[in-house]
Amino acid sequence: MADTRRMTGRNVLVTGGTAGIGKATAVGLAALGAWVGITGRDRIRAEAAAADIRAASGNPAVEVFTADMSAQAEVRRLAGEILDACPRLDVLVNNVGGFWAHRHVTVDGLEHTFALNHLAPFLLTNLLLDRLTASAPARVVTVSSGAQANGRVDFNDLQGSARYSGQRAYSASKLANVMFTYELARRLQGTGVTATVLHPGVVATNFGTGDQAAFFTVLRPLVRPFMKSPTAGAATPIYLASSAEVEGVTGRYFVNRKPKASAKASYDTAAAARLWKVSADLAGLTADRTH
Ligand SMILES: NC(=O)c1ccc[n+]([C@@H]2O[C@H](COP(=O)([O-])OP(=O)(O)OC[C@H]3O[C@@H](n4cnc5c(N)ncnc54)[C@H](OP(=O)(O)O)[C@@H]3O)[C@@H](O)[C@H]2O)c1
């Protein structure tokens with residue numbers, strides 16, 4: 001159980017903190033006393049979310065950063081602004097992500113699901129790693145999904161150009177979140193920075209509403225009453241970001257605040273190292289810039 005005010009004096013960044021699970025995570029961590037930075041694409045929406053988070057948590061220390069994280073230049077600008085604003089960074093919660101039924105291409109010419117769900121947290125984490133390491137003990141918490149279990153990272157078609165399905169792209173990106181976390185944990189051994197990854201549950205949020213698939217339009221109203229609230233969905237990210245119970249725990253996948261086995265493919269260390277290398281190339285990070 002996270003202890004009250006445990007996060008006082010700690011700086012936390014929650015990507016996608018303007019809505020859904022990220023916003024509820026920001027409320028929970030601000031309520032524990034943390035300074036919380038949230039990111040979103042639109043300043044007005046993000047400022048409104050920050051006001052809600054301050055009111056709900058009783059903590060005025062909530063700041064807004066804006067970036068469209070599907071664009072690598074925006075991720076780099078965002079990282080620079082965070083480094084300027086945060087002399088120390090104790091926790092990074094990589095929460096931004098989404099589902100697109102149809103194939104879209106980013107300004108960098110990459111398939112959107114892969115770019116936003118995997119490459120954006122990969123790049124942002126790498127750009128902030130020196131600051132996290134200097135702030136150790138520090139934590140990187142990445143929001144994956146139960147969909148990781150059905151994922152397959154196809155190195156011959158990472159961009160879904162040969163054949164695209166929203167479900168396939170989403171599951172692959174969420175498996176990539178797990179492989180990234182395990183590889184990050186291996187690379188960070190001995191630094192005092194931990195890396196964990198989680199499934200938040202099936203949560204009633206704006207998820208999937210940007211690019212409607214039949215599942216979301218037809219089934220959402222029917223299943224919504226059975227979904228978790230965003231507050232309930234935030235329980236595991238808040239736990240991994242703040243609890244003393246997971247101090248030093250790294251390279252693990254969590255569901256309902258408990259460690260759980262992830263997809264067999266996520267334990268393939270050669271594939272994870274290959275994904276890291278390909279991602280660093282696609283994100284324009286040279287080998288010596290990644291840890
Ligand atoms: N909901 C579920 O049932 C569920 C289940 C398993 C896993 N997850 C995972 O949980 C995470 C959060 O999902 P959610 O359900 O809370 O989604 P959500 O309600 O749609 O919230 C998504 C957040 O990401 C931000 N965002 C979206 N596109 C962005 C972009 N291009 N650049 C920067 N920020 C962007 C949004 O901010 P703005 O719109 O203000 O820019 C918002 O704050 C995702 O990684 C998702 O895969 C969700």
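Visitor: How many Å separate an oxygen atom of the ligand from an N or O atom in the side chain of Thr 205?

Guide: A polar contact is a pair of N or O atoms within 3.5 Å; within protein, one must be able to donate a hydrogen and the other to accept it, and residues adjacent in sequence count only if both atoms are side-chain atoms. Here the side chain of Thr 205 places an N or O atom 2.5 Å from an oxygen atom of the ligand. This is a predicted model, in which local features need pLDDT of at least 70 and side-chain atom pairs count only at pLDDT 80 or more, while totals for chains, interfaces and linings use all residues. Residues are numbered from 1 along each chain as its sequence is written, and side-chain values use heavy atoms, with hydrogens and water left out.

Visitor: Which polar side-chain atom lies 2.6 Å from an oxygen atom of the ligand?

Guide: That atom belongs to Thr 18. Ala 19 contributes through its backbone, with an N or O atom 3.5 Å from a ligand oxygen.

Visitor: How much of the ligand's accessible area does the protein cover?

Guide: Accessible areas come from the Shrake-Rupley method with a 1.4 Å probe; for residues, only the protein chains shown count as cover. On its own the ligand has 900 Å² of accessible area, and the protein covers 93% of this.

Visitor: How many residues surround the ligand?

Guide: A residue is near a molecule if one of its heavy atoms lies within 4 Å of it. The shell around the ligand holds 30 residues, with Thr 18, Arg 41, Tyr 170, Val 203 and Thr 205 the closest. By class there are 12 nonpolar, 14 polar and 4 charged residues; Ala, Val, Leu, Ile, Met, Phe, Trp, Tyr, Cys and Pro count as nonpolar, Asp, Glu, Lys and Arg as charged, and the others, Gly among them, as polar.

Visitor: Where does the ligand sit?

Guide: On a 1 Å grid over the protein atoms alone, a pocket is an open set of points with protein on both sides within 12 Å along at least five of seven lines, where a 1.4 Å probe fits; lining residues have an atom within 4 Å of a point. A molecule sits in a pocket if more than half of its atoms lie within 2 Å of its grid points. The ligand sits in the largest pocket. This pocket contains about 1300 Å³ of space, and among its 47 lining residues Gly 97, Gly 98, Asn 206, Phe 207 and Gly 208 are the closest to its centre. The lining comprises 19 nonpolar, 23 polar and 5 charged residues.

Visitor: Which residues does a cis peptide bond join?

Guide: Most peptide bonds are trans. In this model, Ala 136 and Pro 137 are joined by a cis bond, with omega about 5 degrees.

Note on methods
Grid points are joined across faces, edges and corners, and a volume is the space filled by probe spheres set on the points.
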